[in-house]
Amino acid sequence: MRRFLKKRFRVTVLALLLLFIGGYIAYRVMLDPELIRQKARHTLSEMLGVEVEVIGARFHPLSGLYIDEVAIPVVFDGKRQVLARLYDLQPVHYVASLFTGRLNIRELRAGKLALNLARAADGSINLKPIIDTLRSRPPTRALLPTIRVGNLELTYHDEMTLDRQGEPFDIKLLGVLATLTPRPGEHILDVALAVDDPQLGRWQVREATVDVKTGEVAFVAESNRLPINEALRDRLGGRG
């Protein structure tokens with residue numbers, strides 16, 4: 001009887017040891033940083049409808065998934081350009097999806113987003129490939145995960161609108177907090193913005209909705225009192 005118990009104990013210990021080693025190997029293989037980077041690239045590319053570039057991705061059991069940088073390139077006005085760069089991303093996701101070919105992301109938190117919007121002389125905009133993807137997506141699921149940005153830098157270049165010097169309109173917004181929340185089952189995005197700009201002052205956009213199907217935008221904006229000076233006139237005129 002004692003010999004039988006010893007043998008059974010050794011078999012149990014060996015099985016647990018093999019299970020631990022197998023689990024550790026699977027963990028190291030499935031959570032390899034390069035493999036996670038490829039999964040993140042595949043997921044985000046499918047989500048946006050354009051091939052994105054993911055630079056640096058890793059997973060830690062305590063801090064979760066972290067992505068250093070994501071670049072979103074598009075072909076616009078006959079040239080390849082970067083529409084947006086996101087930095088310091090922390091996706092909120094279902095952990096089990098790490099062991100599949102696609103990440104199931106519920107929310108995307110970015111420390112910084114540099115967004116470069118542009119409109120060409122023919123009226124086309126560089127955001128069109130992503131808008132077309134969202135329009136074609138059935139509203140049976142959320143169009144996108146909720147996106148929260150701690151620091152949005154927005155640059156807008158418009159070839160159809162000219163400033164007082166006859167040059168294309170350009171404007172840049174700094175220090176913007178932004179949240180984009182999709183409505184489940186609809187082609188509508190709820191947007192909230194809070195701006196703290198040295199010249200434009202503090203203002204916020206609330207109750208903003210964007211209907212990606214029709215292109216309709218509605219919002220309510222509030223701001224503090226703005227001192228109208230030459231620098232502000234130049235800024236609003238597209239010269240800064």
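Residues are numbered from 1 along each chain as its sequence is written, and side-chain values use heavy atoms, with hydrogens and water left out. As the model is predicted, local features need pLDDT of at least 70 and side-chain atom pairs count only at pLDDT 80 or more, whereas totals for chains, interfaces and linings use all residues.

**Overall fold**

The chain has four helices and nine strands, taken as DSSP runs numbered from the N terminus (helices H or I, at least four residues; strands E, at least two). Their order along the sequence is α-α-β-β-β-β-α-β-β-β-β-β-α. Of the 240 residues, 33% count as buried, that is, under 20% relative accessible area with a 1.4 Å probe, protein chains only. The chain exposes about 14,500 Å², of which carbon and sulfur atoms supply 59%; the area comes from the Shrake-Rupley method with a 1.4 Å probe. Among contacts (heavy atoms within 4.5 Å) between residues at least 6 apart in sequence, 49% join residues at least 24 apart.

**Strand pairing**

Two strands pair if DSSP finds at least two bridges between them.

| Strand pair | Bridges | Sense |
|---|---|---|
| β2 (residues 64-76) and β3 (residues 79-93) | nine bridges | antiparallel |
| β3 and β4 | nine bridges | antiparallel |
| β6 (residues 168-182) and β7 (residues 188-197) | seven bridges | antiparallel |

Strands β2 and β3 form a hairpin with two residues between them, and Asp 77 in the turn has a positive phi of about 55°. Within this pair, Val 74 stands opposite Gln 81 in β3. Leu 86 has Leu 113, in β4, as its bridge partner. A hairpin is also formed by β6 and β7, with five residues between them; here Gly 185 in the turn has a positive phi of about 80°. Thr 179 stands opposite Ala 192 in β7.

**The largest pocket**

The largest pocket holds about 1,600 Å³ of space. A pocket is an open set of points on a 1 Å grid over the protein atoms alone, where a 1.4 Å probe fits, with protein on both sides within 12 Å along at least five of seven lines; lining residues have an atom within 4 Å of a point. Of the 46 lining residues, Leu 115, Leu 117, Leu 127, Leu 180 and Val 210 are the closest to the pocket centre. Strand β4 (residues 105-119) gives the largest share of the lining, six residues. By class, the lining has 40 nonpolar, three polar and three charged residues; Ala, Val, Leu, Ile, Met, Phe, Trp, Tyr, Cys and Pro count as nonpolar, Asp, Glu, Lys and Arg as charged, and the others, Gly among them, as polar.

Key
Grid points are joined across faces, edges and corners, and a volume is the space filled by probe spheres set on the points. Buried means under 20% relative accessible area, exposed over 50%, partly exposed in between (1.4 Å probe, protein chains only).
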